[in-house]
Amino acid sequence: MKCLSINSLGRLATNRSWTCANCRTQLMTNAKTTQRPLARQYATGSSGYSKRQRPRRKRLAVLTASTTAATGVGVLAFTDDIKYGYDATERTGRVAAALAICINDYRTTLNKRDESEDPKEQDTILRSCHKRCAERTLKVLEKNGGIFIKLGQHLSAMTYLLPREWTDTFIPLQDQCPVSSYESIEEMFRSDTGEELKDYFSEFSEKPIGAASLAQVHLATVKESGQKVAVKVQHPGLAQWAPLDLTLTRFTFSTLKRFFPEYDLEWLSSEMDVSLPQELDFQLEAANAIRTQEYFARIPELPLVVPDVLWAKKRILVMANESGHRLDDLEYLDSNRIDRDEVSATLARIFNEMIFGKNASLHCDPHGGNLAIRKATRRRKGGANFEIIIYDHGLYRDIPESLQRSYAKMWLAIIDGDMTAMRRYAHEVAGITDEQFPLFASAITGRDYTVVRSSILKSRSEEEKKSMGTALQEGLLSDLVTMLGQVPRIILLILKTNDLTRSLDENLHTRQGPMRSFMILARYCARTVFCEQVEDARERPGSLLWPGNALRFIAAWVGYLRVELKLEAFELWLSVKRMVGINTMSYGAAVAL
């Protein structure tokens with residue numbers, strides 16, 4: 001079997017919130033830009049949209065034209081094979097019909113809401129519309145499957161951006177993924193390799209042990225070696241529909257932008273255009289896995305396991321079988337005496353290493369299904385009695401060194417409470433303006449802006465969560481959508497990774513809250529800044545022994561040592577508190593770096 005070799009794969013790898021209402025009001029008063037009249041059309045409360053009604057006949061004509069255009073775009077995008085024409089038309093029709101009905105429902109609902117003067121009734125009217133439209137959309141996503149399931153899963157995690165009725169309705173998509181038949185897998189294996197499953201495997205489970213939106217995994221045994229492996233196979237019909245589905249996704253978001261310009265989500269479809277082809281290429285995933293495995297092999301104290309890759313084709317990936325439990329399986333952790341706080345700290349170190357490490361690459365999809373934990377057979381160098389397994393290496397991004405350094409300085413400023421430096425580096429990192437800064441600071445930390453200005457080391461209180469939700473309802477949502485459409489794509493992926501790892505950490509219910517994770521982040525940031533300062537001193541004329549260069553090096557070292565000692569002392573204090581059984585989540589005083 002001619003499969004992509006491990007060496008060639010290695011070469012391939014290298015080739016919520018927000019601001020409080022008062023803060024926001026002050027900021028918007030000082031802003032020189034003016035709000036467009038549709039800024040609060042999804043928000044609870046009064047809307048000015050009813051003052052811009054279109055004539056009913058004209059509205060109907062526009063919706064009809066949108067439906068017809070969507071069908072035409074879809075059919076033209078994928079009609080190479082006549083026998084798929086009917087299916088393509090039906091697939092496109094579902095999306096176009098649901099889109100037209102939902103747009104009309106929202107327009108009618110917004111006008112009806114504005115006729116009421118009762119805030120509670122207005123809220124009920126809008127939430128009911130959210131729920132109706134979400135349920136219609138869910139049916140379309142489930143029927144079309146494939147990429148649409150992937151899109152729905154992504155939307156279900158965007159609790160900071162979408163109404164609760166939408167995200168809650170899409171939650172079933174996280175677990176109810178399609179399963180391809182064993183016969184279709186046999187056929188695909190034969191088509192892609194020229195051999196039968198039985199020629200390579202002595203055993204191959206007909207039922208997958210797991211299924212996701214793009215692929216499913218079967219357990220098998222290699223005939224030649226007897227090794228137990230996990231075989232990841234792409235859903236056979238997925239590649240066939242990918243061009244059409246991406247076209248429909250682009251059309252959907254561009255149409256929504258036309259009717260609701262304040263809620264421009266086209267950046268979602270743009271990101272899918274880039275990321276999906278990568279996720280569908282299992283040879284690239286194998287290369288990413290090998291690269292990550294080799295990188296972390298240099299850091300043995302981090303208990304990270306990346307399954308060995310045996311071989312890969314574009315739609316088939318054979319890996320060593322490495323199994324474990326979900327990270328939020330608290331009963332398993334407690335029964336095996338695995339310290340939740342240490343698991344949280346290890347996660348922080350792994351993903352900070354991916355963000356700030358030299359020549360490292362960032363795993364951009366670390367949700368609960370892509371991570372597992374198991375008790376280690378022997379303790380690692382760092383003392384951990386567990387191992388974290390990371391799966392699904394299809395979506396990775398390299399972070400440019402200049403961005404790493406600005407991002408590190410920004411986080412040091414956030415932890416230190418230096419608002420002036422925060423604003424400067426937020427602009428360097430993502431082009432954020434002064435007016436957008438409070439929103440960006442909240443988005444990247446997941447905290448209310450009033451907390452960011454004081455200390456992000458405190459755990460989120462119920463009051464803070466409530467104020468964040470209220471801010472979204474007061475129109476902040478449209479500002480957030482606009483900002484996310486402007487920042488670089490790599491920042492969106494970093495934000496996504498931050499959200500997912502923050503969610504994983506909260507599900508562990510640690511005794512230390514976010515404090516230790518922020519301390520670990522600060523250590524990586526300080527290291528990154530120190531390396532930049534040393535590099536700058538080395539690039540100046542003369543050696544490091546020259547007086548000017550020597551002073552710069554000593555100043556950089558003293559600054560780094562100062563941060564390290566403070567963080568070490570603070571971590572020691574947290575460890576002592578933990579050992580004596582004191583909950584440290586309430587200790588939120590900032591550590592001046």
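This is a predicted model: local features need pLDDT of at least 70, side-chain atom pairs count only at pLDDT 80 or more; totals for chains, interfaces and linings use all residues.
**View 1. Helix H10 and its bend at Leu244.** H10 covers residues 238-259, 22 residues in total. The helix bends by about 30° at Leu244. From first C-alpha to last, H10 reaches 31 Å. That is close to the 32 Å expected at 1.5 Å a residue.

**View 2. The largest cavity and the residues closest to its centre.** The largest cavity holds about 620 Å³ of space. Its lining counts 28 residues. Closest to the centre are Thr137, Trp166, Thr252, Phe253 and Leu256.

**View 3. The helices that line the largest cavity.** Five elements are labelled here: helix H4 (85-115), helix H5 (119-144), helix H6 (147-156), H10 and helix H19 (462-484). Each gives two or more residues to the lining. H4 gives the most, with 6 residues. What classes of residue make up the lining? By class, 24 are nonpolar and 4 are polar.

**View 4. An open sheet of 3 strands.** The strand order is S5-S10-S9, and the pairing is mixed. Strand S5 (304-305) and strand S9 (371-375) stand at the edges. Each has a single partner strand, so one side of each is left without a neighbour in the sheet. Strands of a sheet pair through backbone hydrogen bonds, either parallel or antiparallel.

**View 5. The pairing of S9 with S10.** Strand S10 spans residues 386-390. S9 and S10 run in the antiparallel sense and pair over 5 bridges. Which residue of S10 is the bridge partner of Lys375? The partner is Phe386.

**View 6. A salt bridge between Arg127 and Glu165.** Side chains of opposite charge can pair when their charged atoms come close. Here the side chains of Arg127 and Glu165 meet at 3.0 Å, N to O. Arg127 lies in helix H5 and Glu165 in helix H7 (residues 164-169), so the pair ties together parts that are 38 residues apart in sequence. The structure holds 31 salt bridges.

Key. Residues are numbered from 1 along each chain as its sequence is written. Side-chain values use heavy atoms; hydrogens and water are left out. Helices (H or I, at least four residues) and strands (E, at least two) are DSSP runs, numbered from the N terminus. The expected span of a helix is 1.5 Å times one less than its number of residues. The bend at a residue is the angle between axes fitted to the seven residues ending there and the seven starting there. On a 1 Å grid over the protein atoms alone, a cavity is a set of points where a 1.4 Å probe fits but cannot get out, and a pocket is an open set with protein on both sides within 12 Å along at least five of seven lines; lining residues have an atom within 4 Å of a point. Grid points are joined across faces, edges and corners, and a volume is the space filled by probe spheres set on the points. Ala, Val, Leu, Ile, Met, Phe, Trp, Tyr, Cys and Pro count as nonpolar, Asp, Glu, Lys and Arg as charged, and the others, Gly among them, as polar. Two strands pair if DSSP finds at least two bridges between them. A salt bridge is a side-chain nitrogen of Lys or Arg within 4 Å of a carboxyl oxygen of Asp or Glu.
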